[in-house]
Amino acid sequence: MTNITYMKVLLVVEDDEGLQRQLKWAYEGYEVVCAGNREQAIEALRAREPAVVTLDLGLPPDPDGTDEGFAALEEILRLKRDTKVIVASGHGARESALKAIAMGAYDFYKKPVDIDELGLIVARAFHLHEIEAENQRLESGSADTVLGSIITAAPEMQKVAKTIERVASADVSVMLLGASGTGKELLARAVHEKSGRKGEFIAINCAAIPENLLEAELFGYERGAFTGAVKSNVGKIELAQGGTLFLDEVGDIPLPLQVKLLRFLQERIIERIGGRSGIAVDTRIVCATHQDLEAMIAGGRFREDLYYRLAEIVVKIPSLAERSGDAVLLARHFASRFGRELNPSVQSLSPEAIAAVDAYGWPGNVRELENRIKRAVIMADGKSVTAADLDLPGSAEEQPCAINLRSAREVADRRAIRQAMSRTDNNISGAAKLLGVSRPTLYDLLKQYRLQA
């Protein structure tokens, strides 16, 4: 098989044709693509996806100004954020350079051009781009678990895990937004475990407790505070002293109680029902909801000031359908677990069952998947769970979004390869057969997209 070496693409955006030729001649180690104006630059960006761009800020129709150059810079970074853009301008060079750097440019150079100096800047930009790309590949690799116990190989969920790790140690309230069954309590527990707090993790579902009892559950009460209060009781906020309190379905807290919760968040002092003195409490709040709190605020059903206290950091959790390949990973895990616990004769999922899991949309997310697999393991007659045991309806697909056809094809290829590898438990021959390609072709694709076998 012939090895083909592709040259790195350098896009030169410069309206001076003489300088274009000079740069093209000087940088023989790169494939230099030239553009004379913003329209040509964006067209070349979409077609070639260069890692590095040199950009003259003085572009037509305003070659003596910088507005067109800044517009080109903004559009390049909007379409391809990882592009290293090196700007040049003789028009108020210092001010223009500082503005460009603030907008996201990598570096700048002054005209007249010093070819050797610019060559060093370009080489450094390519090197940094390669390092960042490699780091991103490693971070989105094929590890099956994140945050200790969350099973995923999907970049969408790994991004959430990275956010959790960053905010865990900060003394801020965290709001988790996601549909039912997406694992909000698991993530809340991960926030606590990564925070270093020594107290307990306490969880309470605000929707599962009647309104007239929720205040007592949260804040506790003193003996004799109401009929039946024969002894004092510590509330969940106080129980979580030095730790974390997870308020699930926070949107179901009634308005009168929202006022009391807001006071605690502002002053870090609670007062039990029937109590006469405040109690200082160091409890971190993590909350979650599947409701649209902004709509509830507009409708007067949720306090805006409380929202901003609870939502210092907001983490949006993807649905299982948005986590490509994870449904099969989780299904294998649940089948193994429930097989050991409920039906030891079940050892695996059949290929048809895996295909059904992969094709289904999972509107109930991980909780629905767990329940389906549990039921299927119990009902299975043989060594493998079959598609009939799962009894699933149709499937759902996502449409890729990219800046050009090549990128869209890459998104689709990556998704299909990840799913095939997941369905065949990383067996190259089996995955190649599912994809309808030869083993060498699949190896080439894995190498091309830097996916781990």
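1. A quick word on terms: two strands pair if DSSP finds at least two bridges between them. Helices (H or I, at least four residues) and strands (E, at least two) are DSSP runs, numbered from the N terminus. With that in hand, strand 8 (residues 174–177) and strand 16 run parallel and are joined by four bridges. V174 stands opposite I313 in strand 16.

2. This is a predicted model, where local features need pLDDT of at least 70, side-chain atom pairs count only at pLDDT 80 or more, and totals for chains, interfaces and linings use all residues. Residues are numbered from 1 along each chain as its sequence is written, and side-chain values use heavy atoms, with hydrogens and water left out.

3. Now the sheet: it is open, with five parallel-paired strands in the order 9-12-15-8-16. Strand 9 (201–205) and strand 16 (313–316) are the edge strands, each pairing on one side only.

4. Look next at helix 6 (residues 155–167), which lies across strand 8, strand 15 (284–289) and strand 16. Its angle to strand 16 is about 160° (axes are lines fitted to C-alpha atoms, for helices over the stretch in contact, and angles run from 0 to 180 degrees between N-to-C directions).

5. Then there's a helix pair: helix 18 (residues 428–435) packs against helix 19 (residues 439–448) at about 95°, with the axes 9 Å apart. That makes the two roughly perpendicular (65 to 115 degrees).

6. Who touches whom here? From helix 18, I428, S429, A431, A432 and L435 meet R439, L442, Y443 and L446 of helix 19, contact meaning heavy atoms within 4.5 Å.

How values were computed
Angles under 35 degrees count as roughly parallel, over 145 as roughly antiparallel, 65 to 115 as roughly perpendicular and the rest as oblique.
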